[in-house]
Amino acid sequence: MTPSRTAFAAILAKDLRAELRTLQSLPAMAIFAVTTFVIFRFGLDRTQLSGDLASGVLWATLLFAAVLGINRLFVAEREEGGFDAIRLAPIDRSALFAAKATALVIYLLALELVAVPVFALFFLDSAEALGPLVAVLLLADLGLAATGTLISSMAVNSRARDLLVPLILLPLVVPLMIAATGATDPLLAVGGPGYGRFGTWLMVLGLYDLIFVLLGYAVFDFLLED
Amino acid sequence: MAPEQEVPPPAIVLAGLRRDFGERAALDGVGVELASGETLVVLGPNGAGKTTLLRILATLLRPSGGEVTVLGCALPREAWKLRGQIGYLGHEPLLYRDLSGRENLRFHARLHGIAGDEAEARIAELLAAAGMERRGDDRVAELSAGMRQRLAICRCVLHRPSLLLLDEPDSNLDAEGRELAHGLIGPGAGLTRVVVTHDPERFLPEADQVLRLGVGERAAVA
């Protein structure tokens with residue numbers, strides 16, 4: 001058997017190289033997020049947001065931008081035979097799950113590197129909240145990546161995958177979004193960041209991550225069978 | 001009394017192999033025993049189940065019934081033991097279009113636990129053998145169908161498999177390509193081979209056994 005870390009590194013490097021070369025997912029995700037912020041800015045007719053409204057605008061935008069990347073996560077594997085190549089290799093197939101989820105975390109971090117400063121520019125008075133927000137983003141990204149990888153691998157074999165991914169994914173990430181917005185809400189409160197229940201929501205995010213990472217490892221091998 | 005010569009176990013044993021897709025039987029009652037180093041040529045019209053048979057042997061599909069043993073591994077139970085010993089050349093080249101040929105081969109080498117100088121040397125050797133040295137750094141999307149097939153053949157033998165499963169191996173190849181491919185996946189390689197083809201004239205001379213599959217009929221071995 002090829003060591004799992006070797007297979008993980010090979011698949012991750014292949015995905016990142018292909019994305020850097022073709023830019024099929026990242027620009028679309030970033031443009032979607034920025035455009036959505038512009039629409040919110042003019043639709044709400046507000047130059048400043050705070051509390052739960054700010055948190056909701058930020059997370060709804062990031063979630064729907066993430067769906068664009070999740071939809072495309074396994075397209076090369078499906079259309080160019082990558083699934084067969086990986087199934088023929090003497091590797092633990094959970095390496096594919098780990099590599100794809102890691103690639104998705106990297107895409108989400110790159111998206112947030114663009115989207116969060118634009119959000120702050122459009123809607124926030126100060127950038128004070130952005131420091132602690134990083135912890136929320138990291139935990140939410142991990143959960144979204146684990147769930148997204150699982151759902152994307154299930155939906156990719158369907159011709160209706162563009163419909164299936166949001167239809168299955170969105171209900172599953174409701175707890176994640178409740179926790180992410182719950183943790184973000186006090187950070188974006190009027191008068192500066194507050195930390196009431198911040199720690200509790202981070203723990204909920206961590207628990208969600210743990211459940212879906214373990215679930216992914218447990219069922220991914222089964223999902224790759226014919 | 002002369003010592004008894006040990007007979008090596010057969011490379012492939014199929015008994016009563018069946019594969020259903022819904023209510024339709026793609027394969028029904030296929031039986032074959034192929035010795036190590038032999039070539040089995042599989043013939044039959046479109047829809048006869050040739051590719052299905054190859055995918056079952058490659059562990060990519062589960063049989064619906066019957067017994068399948070490949071290189072001593074009972075499928076599907078021991079499929080994990082078999083992976084890495086098979087060189088599979090299907091209808092799709094299993095190459096990523098946005099990577100170069102060399103990058104694709106490097107990726108497959110790493111999946112099979114070949115890395116560093118050993119991988120680079122093997123890749124250079126195969127690209128040369130396939131007449132692809134000058135096109136190895138071109139993206140697969142920029143290659144012709146014949147060049148992709150040559151590259152797919154390199155991928156198929158990259159990890160030095162014991163068993164070759166070849167589905168129309170000459171597809172898209174010109175005369176030079178066929179000759180070069182022959183050196184890599186022909187009988188001279190000394191490997192056990194299962195070759196699916198619509199070109200019996202080309203492959204029957206290489207066959208030790210012939211399996212004829214028919215739509216809705218039981219398989220016949222010659």
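**Figure 1. A:Asp45 lies in the loop that links helices H2 and H3 of chain A.** The model shown in this and every following figure is predicted. A:Asp45 has a positive phi of about 55°, although the residue is not a glycine. Most residues other than glycine have a negative phi. A:Asp45 counts as exposed because it has 7 C-beta neighbours inside 10 Å, and the limit for an exposed residue is 12 or fewer.

**Figure 2. A:Leu23 occupies the loop between helix H1 (4-22) and helix H2 (26-44) of chain A.** The phi of A:Leu23 is near 50°, which is a positive value in a residue other than glycine. Is A:Leu23 buried or exposed? A:Leu23 is exposed, since 10 other C-beta atoms lie within 10 Å.

**Figure 3. A:Ala101 is part of helix H6 (residues 94-123) of chain A.** A:Ala101 has 27 other C-beta atoms within 10 Å and is therefore buried; the limit for a buried residue is 20 or more. Which residues does A:Ala101 touch, not counting residues up to four places away in sequence? They are A:Ala145, A:Ala146, A:Thr149 and A:Gly216. A further pair to locate in this view is A:Ala101 and A:Gly69, which are 32 residues apart in sequence. In space, A:Ala101 and A:Gly69 are 11 Å apart, C-alpha to C-alpha.

**Figure 4. Helix H3 (residues 51-72) and helix H9 (residues 174-187) of chain A pack against each other.** Two packed helices are described by the angle between their axes and the distance between the axes. For H3(A) and H9(A), the angle is about 135° and the axes are 8 Å apart. The crossing of H3(A) past H9(A) is right-handed. On H3(A), the contact is made by A:Gly51, A:Asp52, A:Ser55, A:Gly56, A:Leu58, A:Trp59 and A:Leu63. On H9(A), the residues of the contact are A:Met177, A:Ala180, A:Thr181, A:Thr184 and A:Asp185. Sorted by class, the contact of H3(A) with H9(A) has five nonpolar, five polar and two charged residues.

**Figure 5. Chain A consists of ten helices and zero strands in its secondary structure.** From the N terminus on, its elements run α-α-α-α-α-α-α-α-α-α. The C-alpha trace of chain A spans about 60 × 35 × 30 Å along its principal axes. Among the contacts in chain A with a separation of 6 or more, 85% are between residues 24 or more positions apart.

**Figure 6. Chain B contains seven helices and ten strands.** Its C-alpha trace spans about 50 × 45 × 35 Å along the principal axes. What radius of gyration would a compact globule with 222 residues have? The value would be near 17 Å, and the 18 Å of chain B agrees with it. Of the 222 residues of chain B, 45% count as buried. Among contacts in chain B between residues at least 6 apart in sequence, 71% join residues at least 24 apart.

**Figure 7. A cis peptide bond joins B:Leu75 and B:Pro76.** The omega angle of this bond is about 5°. Most peptide bonds are trans. B:Pro76 is found in the loop between strand E5 (73-75) and helix H2 (79-82) of chain B.

**Figure 8. Chain B and chain A meet through 23 residues of chain B and 22 residues of chain A.** Strand E6 (86-89) and helix H3 (101-111) of chain B each supply at least two residues of the side that touches chain A. Which element gives the most to this side of chain B? The element is H3(B), with four residues. By class, the side of chain B that touches chain A has twelve nonpolar, five polar and six charged residues.

Conventions. Residues are numbered from 1 along each chain as its sequence is written. Chains are lettered from A and ligands numbered from 1 in the order in which they are written. This is a predicted model: local features need pLDDT of at least 70, side-chain atom pairs count only at pLDDT 80 or more; totals for chains, interfaces and linings use all residues. Axes are lines fitted to C-alpha atoms, for helices over the stretch in contact, and angles run from 0 to 180 degrees between N-to-C directions. A crossing is left-handed if the near helix is turned anticlockwise from the far one by less than a right angle, and right-handed if clockwise. Two residues are in contact if their C-beta atoms, placed from the backbone, lie within 7 Å. Ala, Val, Leu, Ile, Met, Phe, Trp, Tyr, Cys and Pro count as nonpolar, Asp, Glu, Lys and Arg as charged, and the others, Gly among them, as polar. The radius of gyration is taken over C-alpha atoms; the globule rule is 2.2 Å times the number of residues to the power 0.38.
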